[in-house]
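Dear colleague,

Please find the structure below.

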Amino acid sequence: MGGPHGHQLHFHGHSPVHRAPAHLKVLALLAFMLVVVATPRGWYPLYGVHLAVLLAVIVLSRVPPAYLVKRMVVEIPFVFFAILLPFVATGPRTEFLGLTVSESGLHAGAALLAKATLGVLASLALAATTEPQDLLAGLARLRMPALLVQIMGFMVRYLEVVTDELRRMRIARESRGFTARNPRHWPILARSFGALFIRSFERGERVHLAMLSRGYTGKMPT
Amino acid sequence: MSDPVLDVRGLAYAYPDGHQALFGVDLHVHAGERVALLGPNGAGKTTLVLHLNGILNAGAGTVEVSGLPVAKEHLQEIRRRVGIVFQDPDDQLFMGTVRADVGFGPANLGLKGAALETRVMAALEQVGMAEFASRPPHHLSFGQRRRVAVATVLAMEPEILVLDEPSSNLDPASRRELADILRSLDVTVLMVTHDLPYALELCPRAVVLSDGHVVADGRTYDVLTDDELMRANRLELPFGFDPRRIDSLPT
């Protein structure tokens, strides 16, 4: 059940970064990301400048660094790929930490790692300082199509409801002695997900009925 | 007597798969009444409710709300007049904040700005949830969400409030608080419920639906004390509950 806790990504605060209008923050994030992505590989001092700017914003927002670092685990697949690159890429070889690796792969991996880290950290900084509702309002102000904003709004609203259902289904499975340990158990997990999909689909229909009952005609009132 | 707020005549309905849920239902509810709609699972109660605001369309028969027939051309007005509170508040509360959710209905009716805010806050006051206006619905307790769900419908100033299983999943205190709120409202109520003591507490009149037919319509006390009727329609009172031993009944 939804307890009195906040969203998993949002860190409650009243800093200037928290108070800044959401649409400006979205635009700033977009501009920052474009600059980061456009920075050529090998220009390492410039990555340092990007990081300094980002860290300055984070310090200003007074979000504890540990809070952001913990949530950076989403980056792990990219890190894995970045580490792999110097070993699988072709071209001239070079020595690095006692290993013989591809030179172009090493630079590509380092650039990937730097860009991914900057991107994830910047996105987390936005998420930590902006309520999901404000973010949606900001996107609407930036003229994102209303239908997309509505869909994202429903996603925010029902994420906890659906994950809670998933949790209850797992507890019910485990209470009957089932724990998924190896791939032979996957069909059972797949059926659980199928059931969850049908439940969510039916909930969608009930929500739609409830909306119609209150005069919904296809346009969200503002 | 005055014209009924809710006037259902000869309503019949079969689902597209051929299953017939209602066979000629007649139901009249007058202004200010509180009526309980009782019946076992699968009796057609929810099907009947979905006809009251035109979500389902009658196969035969008519539904009128304060003289206005439920038909495509009046749907918007019908849905203002008939406020349905669904069983699961998570189905009813889909906006980001309580305020936006309660405002959803009136905003669809064209209210804006200060008038909308006044309407929203008045509805939230009625259910004692005004201080939660800025909270996201999923951070409220179940009982609070049920109350906000009632407010979402009250904000449309309906002529009849239809509640589907209002007491389900509530703890006893929340159940009693909701009863207090419902009693305090100056609105006609049709309440679908399996909670027979709740029906007796709140509704002087009860209608029993069974297999798509109205099989009883009278004082709730008379219905609940008619053992033969109760048995025939799979209605059972909770252990130890006897309506005959209650001193004061609602009038």
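How many residues does the contact take from chain B, and how many from chain A? Chain B gives 23 residues and chain A gives 22 residues, where two residues are in contact if their C-beta atoms, placed from the backbone, lie within 7 Å. This is a predicted model, in which local features need pLDDT of at least 70, side-chain atom pairs count only at pLDDT 80 or more, and totals for chains, interfaces and linings use all residues. Residues are numbered from 1 along each chain as its sequence is written, while chains are lettered from A and ligands numbered from 1 in the order in which they are written.

On the side of chain B that touches chain A, α2 (75–81), α3 (89–92), α4 (98–108) and α6 (142–154) of chain B each supply at least two residues. Helices (H or I, at least four residues) and strands (E, at least two) are DSSP runs, numbered from the N terminus. The largest share of this side, four residues, comes from α4(B).

Chain B also holds an open sheet of six strands with mixed pairing, in the order β6-β7-β8-β3-β9-β10; two strands pair if DSSP finds at least two bridges between them. β6 (82–85) and β10 (213–219) of chain B stand at the edges with a single partner strand each, so one side of each has no neighbour in the sheet.

Within chain B, β7 (residues 160–164) and β8 (residues 188–192) pair in the parallel sense over five bridges. L163(B) has M191(B), in β8(B), as its bridge partner.

Yours sincerely
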